[in-house]
Structure formats: C-alpha cells, structure tokens
Amino acid sequence: MELIEKAPAKINLSLDALYRHHDGEHEWRMVMTSVDLADYVHIQPSEAIRVTTDSGFLPEDPRNLAYKAAILLQQVAGITKGASIHIEKHIPVSAGLGGGSSDAAAVLRGLNQLWNLGYSRAELAKIGLKVDSDVPYCVYSQTSKVTGRGEIVEPLGALPNFWVVLAKPSASVSTPSILNAVDYSKPLPRPDTDLVLAGIKAHDFAQMTSGMANSLEQLTASRYPEITALRERFLRYGAQIAQMSGSGPTVFALCEKRSRAMRVYNSMKGFCPEVYLVRPLA
C-alpha cells in the first residue's frame with residue numbers, strides 16, 4: 001500500500017509580524033494561499049520511520065521537518081508503527097514558499113490515514129505547530145487568515161481570479177536567521193490585512209492587492225539585494241503587484257489576466273534561474 005500526498009507551495013499575500021513572545025516565538029497576522037507548484041510525498045508501511053528525497057539539498061534525518069513530523073505523530077499517538085517516506089521535490093528549498101512545512105503537513109495527513117488514527121485537520125494542525133509555525137496552515141493548504149503563532153487558521157473561501165509568477169533567485173535564505181534579526185523597537189513595513197481580507201470577500205483584485213505587503217521584505221532585501229531587483233523587474237515587465245513571500249528570497253507577482261502573466265513569465269525567464277507560472281489552488 002502506498003499513499004501519495006500532494007504538498008503545495010504557499011505564498012503570503014500579507015505578512016504582518018506583530019511582536020515577539022517571551023519564549024522567542026513571533027505573533028503573526030497573515031493571509032496565506034497555496035499554489036499549484038507542489039512536492040509529492042510517497043508513504044508506505046515500514047517497521048521504522050525512514051525519510052528519503054530526490055533532492056540533494058535536504059537532510060534525511062531529524063533535521064528534515066517531514067521526519068520530525070512523523071516522529072512527533074508517532075509519539076503523540078503512542079504507537080510504534082513506522083513508515084517509509086519519500087519526498088519528490090518540486091518546490092525550491094529555502095525559498096520562502098513553505099516547502100518543508102508543506103511536506104511535514106503532508107506526512108501528518110498521510111500517516112493519520114495510514115495508521116488509522118482518526119485525527120481531525122484541527123488536531124493535526126495543533127500537532128504540526130510543534131514542528132514549524134507554517135505547518136498548521138499547510139495542513140489545510142487553502143486560502144486562510146493565519147494568526148497567533150501560526151496555529152489559528154481561518155479559511156476564507158474563493159479568491160479573485162489571478163495568475164502568479166514566482167521567481168526564486170540563486171540565494172537561499174535561512175528563516176531563523178531572518179526572524180532572529182527582526183527588531184520590533186523600530187517600525188516595520190505593515191500590510192493592511194483588513195483591506196486584503198475585504199478584497200477577498202468582495203472578490204475584488206484591486207482592493208485585495210492594495211493592502212498587500214510583507215513585514216520581513218525590507219530586512220531580507222537588505223541582505224539579499226536581488227530581491228529588490230526582482231520586484232522592480234516584475235513591475236517593469238507589467239506585473240500588477242510584486243512582493244516577497246515568507247522570509248524570502250522568492251518574489252511573486254500577481255496578474256489578473258493570463259496573457260499578462262505569460263508576458264511577465266517569459267520576460268523573467270532570461271533574468272532569474274527559477275521562474276514558475278502558477279495559479280492559486282481552488
């Protein structure tokens with residue numbers, strides 16, 4: 001028996017870093033959505049937990065979030081069953097697209113089924129928070145407002161129609177290094193998340209995009225200037241909005257029409273090593 005779980009990439013339509021808790025964790029207010037660029041997680045019964053991947057950039061031990069998720073679920077459920085987990089990678093690594101978190105979420109969903117545990121999505125999301133703050137959202141992988149430390153996930157329903165162009169520069173960003181460097185004593189760029197939410201509710205692309213921003217973009221771009229260069233090129237080539245996803249370095253652009261998105265995609269391909277034309281998941 002083999003289960004195959006799709007693990008979609010995510011982007012942050014808005015990312016607001018509010019403050020740091022005493023334990024070092026951050027308080028978030030975000031709007032996240034998933035796109036049709038995805039890893040595939042293959043899961044089979046086995047005597048022990050074993051993780052392999054077709055990527056040379058990922059560890060295959062407890063440093064891998066998918067491995068960590070499997071061990072944690074095994075402990076929470078109080079079972080000794082194992083699983084052989086193979087991750088077929090398509091999402092760029094250390095890109096701000098939540099690939100590792102989505103793989104971990106796919107492992108939680110798949111093992112919940114393989115081991116007949118009967119946990120709800122909400123219960124899996126609660127477990128997933130112990131792995132990484134993006135895992136609760138990735139358990140659902142549908143457009144949501146995400147608050148708290150990442151554990152409060154409120155699905156929002158359908159988005160306005162648009163296409164997404166992703167551009168991942170050659171740099172790879174360590175999320176912990178960026179988060180540790182956030183200085184809350186100084187003003188951060190802030191999205192208008194209420195405006196983003198109102199635009200989604202009204203199915204109004206212009207209203208949604210007018211509130212978008214990422215509190216971490218200025219910080220990451222100060223270390224990786226190619227982020228600003230990508231965003232400026234996106235806008236020059238006709239994107240209606242462009243911003244960084246997560247802690248970076250991937251920059252994404254939104255276009256209402258496929259023809260415009262195709263022009264932007266084709267223009268960016270000669271400038272950036274990894275460019276993808278995708279749509280939000282329905």
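This is a predicted model: local features need pLDDT of at least 70, side-chain atom pairs count only at pLDDT 80 or more; totals for chains, interfaces and linings use all residues.
Residues are numbered from 1 along each chain as its sequence is written, and side-chain values use heavy atoms, with hydrogens and water left out. Local features need pLDDT of at least 70 and side-chain atom pairs count only at pLDDT 80 or more, while totals for chains, interfaces and linings use all residues.

User: How many salt bridges does the count come to?
Analyst: The rule asks for a side-chain nitrogen of Lys or Arg within 4 Å of a carboxyl oxygen of Asp or Glu. By that rule, the count comes to ten.

User: Which parts does the salt bridge of arginine 190 and aspartate 16 tie together?
Analyst: These two side chains meet at 2.5 Å, N to O. Aspartate 16 is buried at 5% relative accessibility (buried is under 20% relative accessible area, exposed over 50%, partly exposed in between, with a 1.4 Å probe and protein chains only). Arginine 190 sits in the loop between helix 5 (175-181) and helix 6 (193-202), so the pair links that loop, across 174 residues of sequence, to strand 1 (residues 3-20) (helices are DSSP runs of H or I, at least four residues, and strands of E, at least two, numbered from the N terminus).

User: Lysine 89 forms a salt bridge with which residue?
Analyst: Lysine 89 is buried, with a relative accessible area of 14%. The closest N and O atoms are 3.4 Å apart, and the partner is aspartate 103.

User: Is lysine 145 buried or exposed?
Analyst: Lysine 145 pairs with glutamate 154 at 3.9 Å, and glutamate 154 is partly exposed at 36%. With a relative accessible area of 17%, lysine 145 is buried.
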